[in-house]
Amino acid sequence: MNKGDCKAILCDFDGVLGVTGQDNYKAWSTILLEFDIALNEEEYFLTEGKNSPQLLREILTEHGHSLDLIPKLIEKKQALYTTSNSFSFYPGTTELIDLAKRKSLKLGVVSGGSQNRLTKPEAIKVISNFDTIITAADTDNAKPAPDPYL
């Protein structure tokens, strides 16, 4: 790539722009304990990039629980996360966005999360600077498949 060839920057939200990993892990582990599933922190972080249904399909299958629980578990996790997160952006995030805008680069968020999470008050000030937002709901094959980036 030559200098000046870059036209856009695509970023994930969770763990790239937003410091959300520990809060997501805590919410999932709390909810899953209700079903006697102890979520190992290291194993959880190895699944980073998967959306909630993908994550739960693996966990519930491994522990012999019905996949019919997925919508209920996602709803409970989101409610817990929303009320107990300590959300912040990584240092340098706003500076990167400012630099990209000065260079006339397009900015996109490609997230395995929901649109709703990206429009929360604590996130909207930064996310509103992005030209496009693609979430798991916007493609047939969510991350880690390449579809959301194409």
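Colleague: Which residues have the most contacts inside the largest nonpolar core?

Modeller: In this predicted model, the residues with the most contacts inside that core are Phe13, Leu17, Phe89, Val109 and Phe130. The core has 17 residues. Helix H5 (93–102), strand S2 (106–110) and helix H7 (121–127) each supply at least two residues of this core, and the largest share, 3 residues, comes from H7.

Colleague: Which residues does valine 109 touch, not counting residues up to four places away in sequence?

Modeller: Valine 109 touches Cys11, Phe13, Leu17, Leu118, Ile127, Phe130, Thr132, Ile133 and Ile134. Apart from the core already described, there is a second, separate core of 15 residues, which includes Tyr25, Phe35, Ile37 and Leu69.

Colleague: What pattern does the protein follow when read along the sequence?

Modeller: The order is β-α-α-α-α-α-β-α-α-β, made up of 7 helices and 3 strands. The C-alpha trace spans about 50 × 30 × 25 Å along its principal axes. Among contacts between residues at least 6 apart in sequence, 65% join residues at least 24 apart.

Colleague: How many of the 150 residues count as buried, as a percentage?

Modeller: The share is 38% of the 150 residues. The protein exposes about 8,900 Å², and carbon and sulfur atoms supply 53% of that area.

Colleague: Which residues of helix H3 are buried?

Modeller: In H3, which covers residues 52–62, the buried residues are Ser52, Gln54, Leu55, Leu56, Ile59 and Leu60. These buried residues pack against helix H1 (21–33), helix H2 (41–46) and helix H4 (70–84). H3 is followed by glycine 64, whose phi is positive, near 75°.

Colleague: Why does threonine 93 count as buried?

Modeller: Threonine 93 has a relative accessibility of 5%. The term buried applies under 20%, so threonine 93 counts as buried. Its place is in helix H5. Leaving aside neighbours within four places in sequence, threonine 93 is in contact with Leu17 and Val126.

Colleague: Why is isoleucine 124 called partly exposed?

Modeller: The relative accessible area of isoleucine 124 is 34%. Buried means under 20% and exposed means over 50%; the value for isoleucine 124 therefore places this residue in the partly exposed class. Isoleucine 124 lies in helix H7. Leaving aside neighbours within four places in sequence, isoleucine 124 is in contact with Leu118 and Thr119.

Colleague: What makes the pairing of lysine 76 with glutamate 34 a salt bridge?

Modeller: The closest N and O atoms of lysine 76 and glutamate 34 are 2.4 Å apart. The rule asks for a side-chain nitrogen of Lys or Arg within 4 Å of a carboxyl oxygen of Asp or Glu, so the pair of lysine 76 and glutamate 34 qualifies as a salt bridge. This pair links distant parts of the chain: lysine 76 is in helix H4 and glutamate 34 is in the loop between H1 and H2, 42 residues apart. Lysine 76 counts as partly exposed because its relative accessibility is 29%; glutamate 34, at 46%, also counts as partly exposed.

Colleague: How many salt bridges does the rule give?

Modeller: The count comes to 3 salt bridges. One of them joins the side chains of lysine 50 and glutamate 58, with an N to O distance of 2.3 Å. Lysine 50 is partly exposed at 32% relative accessibility, and glutamate 58 is partly exposed with a relative accessible area of 37%.

Colleague: How do you know that lysine 101 forms a salt bridge with aspartate 131?

Modeller: The closest N and O atoms of lysine 101 and aspartate 131 are 3.4 Å apart. The cut-off is 4 Å, and the pair therefore meets the rule. Lysine 101 is in helix H5, and aspartate 131 is in the loop between H7 and strand S3 (132–134), 30 residues apart. Lysine 101 is partly exposed, with a relative accessible area of 34%, and aspartate 131 counts as partly exposed at 42% relative accessibility.

Colleague: How many positive and negative side chains does the protein have?

Modeller: There are 16 positive and 21 negative side chains. The centres of the two sets lie 9 Å apart.

Terms used:
Residues numbered from 1 in each chain as written. Predicted model: local features only at pLDDT ≥ 70, side-chain atom pairs only at ≥ 80, totals over all residues. Heavy atoms only, no water. Core = buried A, V, L, I, M, F, W, Y, C linked by side-chain atoms within 4.5 Å. Buried < 20%, exposed > 50% of the residue type's maximum accessible area, 1.4 Å probe, protein only. Helix = DSSP H or I, 4+ residues; strand = E, 2+ residues; numbered from the N terminus. Contact = heavy atoms within 4.5 Å. Areas by Shrake-Rupley, 256 points an atom, 1.4 Å probe, with all protein chains shown as cover. Lys, Arg positive; Asp, Glu negative; His and termini not counted. Charge placed at Lys NZ, Arg CZ, Asp CG, Glu CD.
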